[in-house]
Amino acid sequence: MASRVVPQHLRALAWHAGAGRFAATQALGVAAASGAPLQQNLHPRLWRALCAAAAEAAAERQSPVEEADEEPTAAYVHLPFCKRKCSYCDFPVIAVGRDLAQAPHVQDNMQRYVEMVVQEIAASRRLNWQPLQSVFFGGGTPSLIPPSLLEQLLVALDRQFGLAAGAEVSIEADPGTFDAARLRAYLGMGVTRVSVGVQALQDELLALCGRAHDVADALRAVEAVHAAGVPSWSLDLMSGLPQLTEEMWGRSLEQALDAGPHHISTYDLQVEEHTPFARRYSPGEAPLPSDESAAAMYRQASAVLRGAGLEHYEVSNFALPGHRCRHNMVYWEGRPFYGLGLGSASYLQGRRFSRPKRLNAYRTWLQGYTADAAAQGPQVAGAWLPRESADDKLLDTVMLRLRLADGLDLCQLAAQHPQGGEAGELLRAALAPHIARGWVIARGGGEGGEREGSAGSSSSTSGGGTADGRGSIEWVRLADPDGFIVSNDIISDCFAALDVTSAGEA
Amino acid sequence: MAWYRSSGGLWKAALQVAEWAAPQEPAYSVFRGPWRSATVQMLQRAGWASQAAPAAQGEAAAVDPAFDPSRGFVRGGYTVAHFPPARIRNFSIIAHVDHGKSTLADRLLEATGAIAAGGQAQYLDKLQVERERGITVKAQTVSLVYRHSDGADYLLNLIDTPGHVDFSYEVSRSLAACQGALLLVDASQGVQAQTVANFFLAFEQDLAIVPVLNKCDMHSAEPGRVAQQLKDAFDIEPPECLRVSAKTGLGLCAVLPAVVERIPPPVGSPDGDLRMLLFDAYHDEYRGVVCLVEVLDGRVQKGDRITAASSGTNYEVGEVGLLAPEPYPTGELLTGQVGYMLVGMKDTRSARVGDTWHHYRKPVPPLPGFKPAKSMVFAGIFPLSAAGFEQLQAAMERLTLNDASVTVRRENSNALGAGFRCGFLGLLHMDVFRQRLEQEHGASVIVTAPTVPCRVVLPGGEERELQNPAEFPTSTKIAAVWEPTVAATIVTPNDYVGSIMQLCQDRRGDMQEHAVLGAGRTLLKYHLPLAELGGDFYDELKSVSSGYASFDYEEAEYRVADLQRLDILINGEAVDALARIVHRDKAQAVGRRLCTKLRDLMDRQQFEVALQAQAGGRIVARETLKAFRKNVLAKCYGGDVSRKRKLLEKQKEGKKRMRRLGSVDVPQEVFHELMKAGNKS
C-alpha cells in the first residue's frame with residue numbers, strides 16, 4: 001500500500017532535511033492524506049522542499065514555545081495473569097488459581113492473550129525513530145508467562161519499534177512463580193532487570209494481603225535472582241499494611257537490604273475502592289497503622305535505605321547509583337511511551353489513553369483497532385482524543401517532577417509553557433510557606449548551594465528580603481522525607497495556585 | 001409588596017390565554033380529554049360544579065344562556081359588568097399548614113372551570129420552594145365564577161394566604177381585602193396553633209368565618225370532636241361546620257353556597273369616587289410591577305390617571321383586569337372587585353402595600369394602611385467563592401425586586417469578604433430566600449448564623465440596634481441589652497405537655513397561659529426570646545412531641561437579657577462571621593459545642609490549630625486540631641498518572657472551597673454547619 005510506504009520513506013527524507021520531527025511527520029501526514037501518489041510524480045528535491053515548507057507552516061501554527069512531539073522511547077506491556085488477586089489490588093488482573101498456572105487451559109488463555117498483544121503491537125504506528133530504550137512487563141504477575149510467550153512479545157516489539165542494544169527490559173516477578181532457570185531464560189532473550197514483589201517479610205501479613213506466596217518463597221526467589229546473576233533487580237515492599245508495626249517494618253527494611261538488591265520500592269498501602277481491603281479497613285484505623293505510625297514508617301524507610309547508600313530518587317523508590325528504573329523515569333519525567341495490553345495506558349502525541357480494563361472490552365477494542373490498521377495503516381491509540389492542553393501538561397510536569405529528587409526546574413517550566421513565566425511566579429508564591437517550613441528545598445540562580453528553608457537559614461537570608469529570595473528561585477524539590485511525605489498537599493497547593501490563572505483567563 | 005412569584009411564567013401563561021380565547025381553540029387543550037368532561041359531569045351530578053343550564057328556580061332575570069359559568073370567567077364570556085357588588089364575594093382560606101388548603105383551592109378552581117380537573121396539583125403554589133416544602137409563601141389571587149342556586153352568577157375572589165408564622169404579616173394583608181374566610185381544620189388533627197393565630201387575625205378584621213372540617217374521609221377523622229373544639233376555642237356553633245374531603249370531593253357541594261350565603265358582599269358605593277386598596281404587588285420580568293387591588297368605591301378604567309395617597313405619586317393605568325386565574329385584561333374594575341393593574345411601576349418598593357389609591361385630583365379619605373414589615377432576623381449572605389460576588393449581587397437585586405420585605409445592605413467580613421447583611425421576617429423567610437437565590441438565580445451562598453436585632457444601651461443612655469453580632473461592643477461598658485421576644489402559641493396533645501414545658505424553659509421561656517383545649521389537647525402560651533427560636537427550636541418541638549405539637553408566634557415586646565458576644569477564635573484570631581450573641585448562662589456550653597463541631601468539620605492542617613470560644617473577655621472553650629502527618633500517594637506510574645492527577649485535582653478543589661482565615665483553611669461547609677447549630681446548651 002502506497003500510503004504505508006510513503007511516510008516511512010519520506011520520514012527519513014524530512015528528517016535529514018532538518019525539519020522538526022513532529023512538524024515533518026504532520027506535514028507528511030497532510031501530504032499523504034491529500035493524495036499519496038503525489039510524491040511519486042515529483043522530483044525528490046522538489047518533494048523535499050515541499051515537505052520543508054509544510055513543516056515550517058506546521059511549525060508556525062504551533063505556539064512558539066511548544067516543542068515538536070518528543071518520540072517515545074519506552075513501552076509498557078501489561079500481563080494480567082496472577083495466581084490470585086491480592087486483597088488490596090485494583091489493577092486489571094486475571095486470577096488463574098494458585099496451582100493452575102501450568103494447566104493447559106490456562107496456558108491456552110495466556111497464549112491467546114499474548115497473541116492479542118502481538119496483534120496490538122503490529123497494528124500500532126511506530127512513532128519513534130530511535131529504537132526503544134526501555135520495555136517494562138508489568139502485571140498481574142508477568143513471571144507466570146512461559147518464557148516462550150515473553151519472547152514472542154519481545155520479538156514483536158523489536159520488529160515494530162526496534163529495541164536498542166542495552167535497552168532496559170524489566171519484568172515484574174512474584175516469589176513462587178520462578179526459579180533461577182526461568183530467570184536465565186528471561187535474561188537470554190534480553191531481559192535486564194527484575195522487580196521482585198516481596199511486599200512483606202511476615203507470613204501472617206502476606207496471608208492477610210491474600211498474597212500467593214510466603215516468606216520462604218521470597219527468600220528462595222532472592223536466591224534465584226542471585227543465582228541467575230540478574231544485572232539489576234529491585235525488591236518491592238509495602239508499608240502501611242494491616243498489623244504492620246514500626247518494629248516489624250524496621251526489620252523488613254534490614255532484611256531487604258541484606259538481600260542485596262540494586263533497587264528497593266517501598267509503597268505505602270493505598271486502600272482502593274472496591275477492593276476487599278476497602279471493605280475490611282478504613283485508613284488510619286486499626287488494624288491499619290495510624291497516620292502517625294504510617295508516617296513514621298515512611299521516615300524510617302527513608303533513613304535506613306539512604307543510610308545504606310541508596311538514593312531516594314522518587315517518593316517511593318530507592319536505587320544504588322546507576323540503578324534507577326529507566327522506564328519509570330520516563331513516566332515521571334513526563335516523556336511519551338507506548339502502552340500495550342489490557343488496561344494499559346499510553347502517552348503518545350500528547351494524548352493519554354487507557355485501554356479497557358476488562359478482557360472482553362479489550363478484545364472488542366482491539367478488533368476495532370486492528371481493523372482500522374488494516375484499512376488505514378498502523379494506528380496511534382487514542383488519536384481521536386484532544387491533545388493534552390498546555391495547562392494539563394504544566395500540571396503533569398509539576399505533579400510528576402515534584403515526586404522526583406531531581407525536582408522541578410522552574411526556568412525550564414517557563415520555557416515549555418506559554419504562560420510558564422507567570423506559572424513560575426505563582427508556584428514560587430505557593431511554595432514559599434513550604435520553603436519556610438523546610439518541606440521544600442529551593443535553589444536560586446546566583447547562589448551555588450541549595451537553600452534549606454529552615455527557620456535558621458531563612459533568617460540568614462532575610463537581608464535580601466523574601467520577595468527577592470523568591471524571585472531568584474530557579475529550581476525546587478521536596479525535602480526528604482518531610483516534603484515527600486506530604487507531597488499531595490504541596491502539589492495540590494501548586495494546583496490551586498495555578499488554577500487562579502486559568503480562572504482569570506476565562 | 002409581593003413575594004415569591006416565579007417571574008415570567010405568569011405572562012407566558014397569559015399569552016396562552018389569549019390564544020385560547022380564539023373560538024375554535026379548546027381551552028386548556030393540554031388537559032382536555034374525555035376524562036375531563038367525565039370529571040365535570042361527576043362534579044355536576046354532585047351539585048358541586050357550576051351548571052351550564054340555569055337552575056329552575058331563582059331570579060330568572062339573572063340567568064343568561066349566553067354565559068357559561070362552568071367555563072370560568074374568560075371562556076364563559078363574562079365581563080366585569082356582570083358583577084355588581086351584591087354578586088361579589090371576597091374570601092380567603094385560612095388553615096394550619098398541611099390541613100389541605102391548597103387542595104381545597106385546587107378543587108374550587110376546577111369546579112368553577114378556572115382550571116382543568118386533574119391538572120397540576122397545588123395550582124396556586126407556583127414556586128418550586130412552595131411545592132417542595134408544601135407551604136405557601138406568596139399569596140395568590142384568583143377570580144372564579146359560580147352560578148348559585150338562586151340562578152345568579154357570582155364572582156368569587158379567592159385570595160390565598162401564606163401558611164407559615166413568618167408570613168403572618170402577609171396573611172393579615174391578604175385578609176384586609178376580604179369580607180370572609182374559610183377556616184379550614186383537619187378533622188383528625190383538630191385545632192392547631194396556626195388555626196388559633198389565623199382565626200384571631202380574621203376575627204380582628206371582622207371577617208365572616210365559614211368553618212370547614214377537611215379530610216372527613218379519613219378513618220382517623222373525628223369531625224364531632226373537632227367541631228366541639230371549635231366551639232370551645234372560638235365559640236363557633238357545631239352545626240355551622242361544613243364537613244368535606246377536598247381529596248375525594250365529599251361534601252364540597254356545600255362550600256361555594258356557604259361562601260355566597262354566609263359571607264357578606266363588599267360594601268362600597270359604585271357611584272362614589274374611586275377608592276382602591278393596594279393589597280399586594282409583585283415584580284414580573286417582562287411587565288414590571290403588577291399591583292393587586294380591591295376597588296372599594298367607584299370604578300377604575302384603563303387610561304385613568306390615579307394617585308397614590310401616601311406619596312402623592314401619579315400613575316396612568318396601562319392595563320387592568322382579573323386573575324382568572326391568569327391575568328386577563330377587562331379594561332375596568334368595578335366596586336367590590338379584586339384584580340390586577342399595571343401602572344408603569346418599575347420597582348415593587350414604590351408600591352406601598354396597604355396604600356389607598358384614588359383618581360387624580362379626587363382625593364378620598366385614606367384607609368388606615370398596613371404597618372410595614374419589620375426585619376426580625378438578620379444574617380450575612382456571602383458568595384461561596386469571593387469571585388462570585390458580582391453574580392450574587394445581580395441575583396440579590398433580582399430577587400429583592402420581588403421581595404421588598406428583605407432589607408439589604410453591603411457588608412464586609414474579614415473571613416468571608418464582600419457580601420450582604422440581610423433582614424428577614426423570620427427564619428423560614430430567610431431559608432426560603434436562600435433557597436430561591438440558589439434555585440431560581442443559581443447563586444451559591446454562605447449564610448451566617450441568624451441573629452435577632454438586639455438593642456444595646458450604653459452607660460450614657462445611647463442605644464444601638466445590632467444587626468450583626470460583630471457590632472456587639474466588647475471593649476466598652478454596657479448598661480443593658482434588650483432582646484426581642486415573641487408570644488408563642490403551642491397546641492399539643494396532653495401527653496407531651498411536660499416535655500414541651502421543659503423545652504420552653506431551656507429556651508428561657510416564660511409561661512403565660514396553660515389551657516385545656518378539649519379533645520385531649522392543651523394550649524400553651526409562652527413568652528420566648530426570639531433568638532431562642534433560631535436553629536433547631538422547631539425541630540426540637542416536633543421531636544419532643546412526636547410531631548404532634550403545633551406552634552405559632554407573634555411579635556412581642558423587647559425585654560432585658562444578660563447577653564454576651566461569643567467569638568470563635570481560630571489560632572487566636574476571632575472569625576467575625578462565626579460570632580454570635582448568646583445568653584451568659586449558655587456561653588460556655590454553646591462555645592464548647594461550636595468548638596467541637598468545628599474540630600470535627602475542619603480538615604487537619606499542616607500544623608496544629610487551636611480552636612477557642614471567647615465570651616465576656618475570657619476563653620470559655622478550647623479544642624485542638626492535630627496536624628496531619630502524611631498526605632502522599634505512594635504509587636504513581638503508567639496509567640496512574642491521570643488517576644493521580646484527578647485525585648490531586650480533587651484535593652485542589654477542596655482547597656479552593658476553603659476560606660483562608662489567617663493561615664488556616666476552613667471549608668465552606670463549616671459556615672453552613674455552624675449556622676445550623678442553635679444556641680441550645
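Predicted model: local features only at pLDDT ≥ 70, side-chain atom pairs only at ≥ 80, totals over all residues.
The charged end of Arg455(B) sits over the ring of Tyr558(B), 3.6 Å from the ring centre. A charge counts as over a ring if NZ of Lys or CZ of Arg is within 6 Å of the ring centre and within 35 degrees of the ring normal.

Residues are numbered from 1 along each chain as its sequence is written, chains are lettered from A and ligands numbered from 1 in the order in which they are written, and side-chain values use heavy atoms, with hydrogens and water left out.

Now the rings. Rings of Phe, Tyr and Trp (its six-membered ring) pair if their centres lie within 6.5 Å; planes under 30 degrees apart count as stacked, over 60 as edge-to-face and the rest as tilted. By this rule there are 25 aromatic pairs over all chains. One of them joins Phe73(B) and Phe83(B), which are tilted, 6.2 Å centre to centre with 35 degrees between the planes. Phe73(B) is in helix α3 (residues 72-75) of chain B, and Phe83(B) is in the loop between α3 and β1 (88-95), 10 residues apart. Helices (H or I, at least four residues) and strands (E, at least two) are DSSP runs, numbered from the N terminus. Phe73(B) is buried at 2% relative accessible area. Phe83(B) is buried too, at 0%. Buried means under 20% relative accessible area, exposed over 50%, and partly exposed in between (1.4 Å probe, protein chains only).

Phe389(B) and Phe420(B) are stacked, 5.4 Å centre to centre and 15 degrees between the planes. Phe389(B) lies in helix α10 (residues 389-402) and Phe420(B) in strand β19 (residues 417-424), so the pair ties together parts of chain B 31 residues apart in sequence. Phe389(B) is buried at 13% relative accessibility, and Phe420(B) is buried at 5%.

Next, the interface. Here 30 residues of chain B are in contact (heavy atoms within 4.5 Å) with 41 residues of chain A. The rule finds four salt bridges across this interface. A salt bridge is a side-chain nitrogen of Lys or Arg within 4 Å of a carboxyl oxygen of Asp or Glu. Lys630(B) and Asp268(A) meet in a salt bridge at 2.5 Å, N to O.
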